[in-house]
Amino acid sequence: SSGINAEYGGRFLRRNFSLIVNKPLVDNTPTLDKRPRSRSASEGKPRSRSGSGLNLPTPNHNGNSHNNENNQTSENLLVDRNLQLAKYLTSPTEKREIKNKFNYEKHGYEVVIQCTTYYPLQFYALRELSCGGDDKFIESLTRCKNWNAKGGKSGSSWSKTLDDRYILKQISRVELSSFMEFAPLYFEYVCKSFFHSDTHPTALCKIFGVFSVRWKNSTGGSMKKDLIVMENLFYNRTISQIYDLKGSLRGRFVRNPIQDEVLLDENLLQKS
């Protein structure tokens, strides 16, 4: 969070946050095996998850006669891994959260930090598919800065990673509760969009983690933040104009906008 990063620095995250996001596999959950293995003849072709409505892809063979066994094995390994991640991403789990507790010392003052990670298994799979794994994800989160997001009126605190890849937003308890209810549908939706982008394209900003962080400040007061970590859709893109659209025409017009100001619904209608 912005408070954690500003007050305690990236060293805490680098040392301890990795334990949070890398601990998605709870008791009685199979460990994701990344070791190379070949598919036996008895395994046959990959099957889609029954009842999920997800038809996961099989290797796309182009019919070239010179495709060697190594290429075939690599394709099978990729499909095996994606099938396993898709299963984790869309599988229901009884344990929707894990809790971690850490002690952090700075300037002779010990800070106790508690972090609750929601839907750890599903988010782990999503980050493997979309972020290149947790190592890169954690490395980005260890270097954050406060960010003055323009256009919104919620009053939430925002942070952005220094590499511009991810955005951290503080959410209300109501928003957290709402996400916990529709999260299974969200995971199934992004799974479909990942494996079938041609038939299920999406412009949805992906959420890669939801956390609740508690700690005590230097005066002993208890602090708490509920946070989501999401992708920055503007990363590595040139943006000429930003609009904050709510689907309403009431009070949704910026008069005499200055340079780089976020515009609203009526501004877009006027321009079109």
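These legends describe close-up views of a predicted model.

**View 1. Overall layout of the protein, with six helices and seven strands.**
From the N terminus on, the order of elements is α-α-β-β-α-α-β-β-β-α-β-β-α. The protein has 272 residues, and 40% of them count as buried. Its accessible surface comes to about 16800 Å². Carbon and sulfur atoms account for 48% of that surface. Take the contacts between residues at least 6 apart in sequence: 60% of them join residues at least 24 apart.

**View 2. The largest nonpolar core, built from 42 residues.**
L89, Y119, F123, F179, Y186, I207 and V210 have the most contacts inside this core. Two or more residues each come from α2 (69-90), β2 (109-118), α3 (120-130), α4 (134-141), β5 (166-171), α5 (173-195), β6 (207-216) and β7 (222-231). Helix α5 gives the largest share, nine residues. In soluble globular proteins, nonpolar side chains tend to be buried together.

**View 3. Helix α3, largely enclosed by the rest of the structure.**
Ten of the eleven residues of α3 are buried, so the helix is largely enclosed. The buried residues are P120, L121, Q122, F123, Y124, A125, L126, R127, E128 and L129. Just after α3, G132 takes a positive phi of about 80°.

**View 4. Contacts of F123.**
F123 is one of the buried residues of α3. Leaving aside residues up to four places away in sequence, F123 touches Y118, F179, Y186, F187, I207, F208, G209 and V210. F123 is also among the residues with the most contacts inside the largest nonpolar core, as are F179, Y186, I207 and V210.

**View 5. Strands β3, β4 and β5, paired in the antiparallel sense.**
Strand β3 covers residues 144-146, and β4 covers residues 158-161. These two strands pair over three bridges. N146 stands opposite S159 in β4. Strands β4 and β5 also pair over three bridges. Here the bridge partner of W158 is K169 in β5. Four residues lie between the strands in the hairpin of β4 and β5. In this hairpin, D164 takes a positive phi near 75°.

**View 6. A nonpolar surface patch of about 300 Å².**
L233, F234, I239 and I242 make the patch. L233 is found in the loop between β7 and α6 (265-271). Its relative accessible area is 37%, so L233 counts as partly exposed.

Key: Residues numbered from 1 in each chain as written. Predicted model: local features only at pLDDT ≥ 70, side-chain atom pairs only at ≥ 80, totals over all residues. Heavy atoms only, no water. Core = buried A, V, L, I, M, F, W, Y, C linked by side-chain atoms within 4.5 Å. Buried < 20%, exposed > 50% of the residue type's maximum accessible area, 1.4 Å probe, protein only. Contact = heavy atoms within 4.5 Å. Patch = residues over 30% accessible without salt bridge, like charges linked within 9 Å, V, L, I, M, F, W, Y side chains within 5 Å. Areas by Shrake-Rupley, 256 points an atom, 1.4 Å probe, with all protein chains shown as cover. Salt bridge = Lys/Arg side-chain N within 4 Å of Asp/Glu carboxyl O. Pairing = 2+ DSSP bridges.
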